[in-house]
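Subject: Structure handover

Hello,

I am passing a structure on to you, with notes on what turned up in it. Please look at the sequence and the model first, then read on.

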Amino acid sequence: GRNRPTSWRSLTLENRWLRVTVLPELGGRVAELTWKPSGHNQLYSNPVLKPTAWGPPEQGWWLAAGGLEWCLPVDEHGYLTAQPWEPAVSHHPDGSATVTMRIQEQTRHVD
């Protein structure tokens, strides 16, 4: 395979204590969860993304990207960890915001 830099769209929410970054195009994963007083990202982050042989046997691979991934629709390492999810950002009157991610899983039609 070829190594090539890839950029991913990210959405970041932060307050006085936390900075949370999600990657909608990479399975809607939470890529960063930084405790701002220490500056420490609490999640593992793999700087090199490539499929591994782990994951659901039916899929035959898993993307060991780090962060938090969603196991939809199976118990571990779901099929949607590398699929683009559709984000919706809501801004609230108190200045806070919410990011909601959606995807429809095609084999079991889970939404």
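The largest nonpolar core has seven residues: Val-22, Val-30, Leu-43, Leu-80, Trp-85, Met-101 and Ile-103. A nonpolar core here is a set of buried Ala, Val, Leu, Ile, Met, Phe, Trp, Tyr and Cys residues joined through side-chain atoms within 4.5 Å. Buried stands for under 20% relative accessible area, exposed for over 50%, and partly exposed for what lies in between (1.4 Å probe, protein chains only). Apart from residues up to four places away in sequence, Val-22 touches Arg-9, Ser-10, Leu-11, Arg-29, Val-30, Ala-31, Val-99 and Met-101, where contact means heavy atoms within 4.5 Å. There is also a second, separate core of five residues, among them Leu-23, Ala-31, Leu-63 and Ala-65. In soluble globular proteins, nonpolar side chains tend to be buried together.

Before the rest, two notes on the source. This is a predicted model, in which local features need pLDDT of at least 70 and side-chain atom pairs count only at pLDDT 80 or more, while totals for chains, interfaces and linings use all residues. Residues are numbered from 1 along each chain as its sequence is written, and side-chain values use heavy atoms, with hydrogens and water left out.

Overall picture

The protein has zero helices and eight strands, which run β-β-β-β-β-β-β-β from the N terminus on. Helices (H or I, at least four residues) and strands (E, at least two) are DSSP runs, numbered from the N terminus. The C-alpha trace spans about 45 × 30 × 25 Å along its principal axes. Of the 111 residues, 28% are buried. Among contacts with a separation of 6 or more, 28% are between residues 24 or more positions apart.

Thr-34 belongs to strand 3 (residues 29-35). Thr-34 counts as buried because its relative accessible area is 1%. Beyond its neighbours within four places in sequence, Thr-34 is in contact with Trp-17, Leu-18, Arg-19, Gly-39, His-40 and Asn-41. Its side chain also makes a polar contact with the side chain of Glu-32, at 2.5 Å. A polar contact is a pair of N or O atoms within 3.5 Å; within protein, one must be able to donate a hydrogen and the other to accept it, and residues adjacent in sequence count only if both atoms are side-chain atoms. Thr-34 and Glu-14 are 20 residues apart in sequence, and their C-alpha atoms are 9.2 Å apart.

Asn-41 sits in strand 4 (residues 40-41). Asn-41 is partly exposed, because its relative accessibility is 23%. Leaving aside neighbours within four places, Asn-41 is in contact with Ala-31, Glu-32, Leu-33 and Thr-34. A polar atom of the Asn-41 side chain lies 3.1 Å from the backbone nitrogen of Leu-33, and one lies 3.1 Å from the backbone nitrogen of Leu-43, a member of the largest core.

Gln-42 is in the loop between strand 4 and strand 5. With 46% relative accessibility, Gln-42 is partly exposed. Leaving aside neighbours within four places in sequence, Gln-42 is in contact with Leu-33 and Trp-35. A polar atom of the Gln-42 side chain is 3.2 Å from the backbone oxygen of His-40.

Asn-46 is in the loop between strand 4 and strand 5 (51-52). A polar atom of the Asn-46 side chain lies 3.1 Å from the backbone nitrogen of Val-48. Not counting residues up to four places away, Asn-46 touches Ala-64 and Ala-65.

Thr-81 is in the loop between strand 6 (62-63) and strand 7 (86-91). At 1% relative accessible area, Thr-81 is buried. Leaving aside neighbours within four places in sequence, its contacts are Leu-26, Gly-27, Arg-29, Trp-62, Glu-69 and Trp-70.

Regards
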